[in-house]
Amino acid sequence: MSRAIEFSSVSLTRRTQEELYYDLKRTLLNIWRIGRVGARRHTVIDGVTLSIDHGEKVGIIGPNGSGKSTLLKLIAGVLLPTRGTVSVSGSLSPLIEIGVGFDPDLTLVDNIIYYGVLLGHDEALVRGHVEAILDFAELADIREQPTKTLSSGMSARLGFAIATEFRPDILLLDEVLAVGDERFRRKCDARIGRFWDAHSTIILVSHDLTYVARTCQRVIWIDGGKIRFDGEADVAVQRYLSTVATSASIRRGEDLIALAASTEDPVLVRGASGSDNELAIFLVRNGHRWRISANGEYRRAVSWENVLVVEDSVIEQVPEGDVAL
Amino acid sequence: MTFVRVAAMRSIKIRYRGSILGVLWSFTNPLLMTAMYTVVFGTAFSRYYDGSIVRYLLSAFVGLTVVTFFLNSTAEALPTIVTNGALLNKIALPPAAFPLSSVAADLIQQLCTTFPAVFIIAIVVTHDPVRVALIPLAFIGLVLLTAGFSLALSALYVFFRDVSYLWGVAGFMLWMTSPLFYPAQVAPERIRVWFRINPISQQIGALRELALQQGPIHYADIGLAFGTALLAFGLGVGLFRLARRRFMDLL
C-alpha cells in the first residue's frame, strides 16, 4: 500500500503566547532598553517520525497540550515544521471544529461556495453540491439567511456537512463527534462510518478512549510532543490510562479533594454542582478551593462533596478572572 | 487565482449588501471631496490652472482617484490576515490571497466608477491617443503600489496590532504632503523634492500627466512612478514571504 502521510523527524517550535505584546511601540522600546531579545519558543512536536498508509484508521490520544491537534495541523499543512519534512498525498478535509470560519454576513449558500473554493474545489463543482450539503445539515429552508442567524449547533452541523461532502481521501477529525443534538450525532456517526468502510484514511483525535479503541486499529499516544506508543489500539489505550491514573480516577468531589491534598500544582476540572447541576470549573490552588461559573465569576467553594466531574482530563489553562490566588 | 476571484466577489457582496446604489457608493466619496475642495480652494488656486476652476476641479478629481483607491485599499487589506486567522488555522491556504483579494475588490469597484471617468476626462482634455493608451499603465502602477503596501501592512499587522493606527497617520501624511488640492508651486522650493519621492505624489503626477496635460509627454515622471510601484510591490512580496513562516503562532 502507498503512503498517505509521512513524517520524518518532524519538530515544531512555536512562540509562547505569554510574552507576546502585539505592539510595535512596546517592541521598539524594549529593543532600545534591553537589546534585541529573541522570541521565547517552546517545542510542541519533538522529532516525530511516522508513516500512515492509505486507508488506515488511526487514533491519536494523549493529555491536553501534548501536541495532538498540532499534529493534525501539520498534516493539514496549516503549520509548517521547523525541522524535518511532512509529505501528504491525497485530498484533505479541513479541520472540523465547532463552526468557526464562516462569514457571519454571507448567506448559507454563499458561505458553502466560498468554503468549497477554499478547499480547492472548482466553483461549478461546489454549486452542484450545495443542495446535498444543505440537506444533510437540515438547513435547506433557511439557505438565504446570513450565517450569523445560525445557532452554534446549526453552524457545527453546516461545518461538518461541508467538510465531509467532498469525500476527501484523508479525513482529519478533531473531537467532532460531539456535534449537534443526539439525533444529528447519530447521523454524523453514520456518515463517518461510511468513510470508515471506504478506503479513506482517517486520523482521529479524541479524548473518548473507548470510541478510539473501538473504531481504530492503530492508535498513536503522544505526550510532550513525542510519540510514546504507536501500535495496536487496545495496548495504546491501556498504557496511556496507566499513566493518567490520578486524573482518570477523579469522578466525584472526594477524589478532587484527595488529589488537591496530594499535590501543590493547581488542579482544574470541569464539573457540575449544586441543586441545578450547573456546569462550572473547579480549581484548587494553594489550598484554596474555587468554583468558577460559566460567566467567569469566581466563588469560594465550600462544599465539594456533591461535585460531579464530567470531564476527567485536567485542564491546564486557568480561565481569566481577576482574583488573588 | 480562483480563490482570489471568489474572495474578492465575496467582499464586494458583503460591503454592498442591502445598498441600492451598490458599487456606485465608491463614486460618492471622491466626487464629494472634489466638490468640497473646489468650493473651498477653487477660486484661490485657479490662477495656477490658467485661471480655470474646471481645470482645478479635474486635477483634484484625478488626484483623489489615486488617493482614495490607495488609502481605502490598504486600510481594508491591513487586517485581512488577522481576521481570517481562524480559517488559516483550518485549511492550508496561500495567506497572500486575503490582502490581494481585498485590493481586487476595491479595484473592481474603481473599474466601475472612477477609473473610466478618468479615461473619459483624458479623451476630452488631451485629444491625445498616445496619452489615453498609456493610462492603463498608470493604473497598473497604482495597483502594484497598493498591492505591495497591502501585503506589507497585512503582514506587519499580525505582529503589531498598533500598525493600523500608525498607518492611519502615515497614510494621511502621505496624502497631505502630495500636491493634491494645492498646486506644487505654493510649497517652498526645498520641500518640493519630497513631491518627487512621495509614492502617492508620484502616482498622482503620472496620472495627471497622462489625463490632463498636453504637448510632449514627460516619460520620466511616468517611469519613476511605475518604477517605485514595482519596487514597492517587490518589497511587499519579500516582506510578506519573510513574515509568512512566523504568522501562524500569532493567529
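Q: Which residue takes a positive phi just after helix 3 of chain A?
A: G120(A) does, with a phi of about 95°. The model is predicted, so local features need a pLDDT of at least 70 and side-chain atom pairs count only at pLDDT 80 or more, while totals for chains, interfaces and linings use all residues. Residues are numbered from 1 along each chain as its sequence is written, chains are lettered from A and ligands numbered from 1 in the order in which they are written, and side-chain values use heavy atoms, with hydrogens and water left out.

Q: How do you know what counts as a helix or a strand, and how many of each does chain A have?
A: Helices (H or I, at least four residues) and strands (E, at least two) are DSSP runs, numbered from the N terminus. Counted in this way, chain A comes to ten helices and 13 strands, and chain B has twelve helices and zero strands.

Q: What makes helix 3 of chain A mostly covered?
A: A residue is called buried when its relative accessible area is under 20%, exposed when it is over 50%, and partly exposed in between (1.4 Å probe, protein chains only). In helix 3 (residues 108-118) of chain A, eleven of its eleven residues are buried, among them D110(A), Y114(A) and L118(A). What covers them includes helix 4 (123-137) and helix 5 (152-165) of chain A, together with helix 1 (2-15), helix 5 (85-88) and helix 6 of chain B, where a contact means heavy atoms within 4.5 Å.

Q: Why is C216(A) called buried?
A: The relative accessibility of C216(A) is 5%, and the limit for a buried residue has been given above, so C216(A) counts as buried.

Q: Is C112(B) buried, partly exposed or exposed, and what value decides this?
A: C112(B) has a relative accessible area of 48%, and therefore counts as partly exposed.

Q: How many disulfides are there over all chains, and what makes a pair of cysteines one?
A: A disulfide is taken to be a pair of cysteine sulfur atoms within 2.5 Å, and by this rule the count over all chains comes to zero.

Q: Why are helix 6 and helix 7 of chain B called by the word they are given for their directions to each other?
A: Axes are lines fitted to C-alpha atoms, for helices over the stretch in contact, and angles run from 0 to 180 degrees between N-to-C directions. The axes of helix 6 (residues 97-112) and helix 7 (residues 114-126) of chain B come within 3 Å and cross at roughly 40°. Angles under 35 degrees count as roughly parallel, over 145 as roughly antiparallel, 65 to 115 as roughly perpendicular and the rest as oblique, and therefore these two helices of chain B are oblique to each other. Where they meet, L107(B), Q110(B), L111(B) and C112(B) in helix 6 touch T114(B), F115(B) and P116(B) in helix 7.

Q: How do you know whether the span of helix 9 of chain B agrees or disagrees with the length that it should have?
A: The expected span of a helix is 1.5 Å times one less than its number of residues. For the 14 residues of helix 9 (residues 163-176) of chain B this should give 20 Å, and the end C-alpha atoms are 19 Å apart, which agrees.

Q: What puts the buried residues of helix 7 of chain B on the same side?
A: The buried residues of this helix are T114(B), F115(B), A117(B), V118(B), I121(B), A122(B), V125(B) and T126(B). They cover an arc of only 155° around the axis, so they lie on the same side of helix 7 of chain B, the arc being that of the directions from the helix axis to the C-beta atoms. On the other side of helix 7, I120(B) and V124(B) are exposed, whereas the buried residues pack against helix 2, helix 3, helix 6, helix 8 and helix 11 of chain B.

Q: Where is S9(A) placed?
A: S9(A) is in strand 1 (residues 3-15) of chain A. S9(A) is a residue other than glycine with a positive phi, near 30°, and at 45% relative accessibility S9(A) counts as partly exposed.
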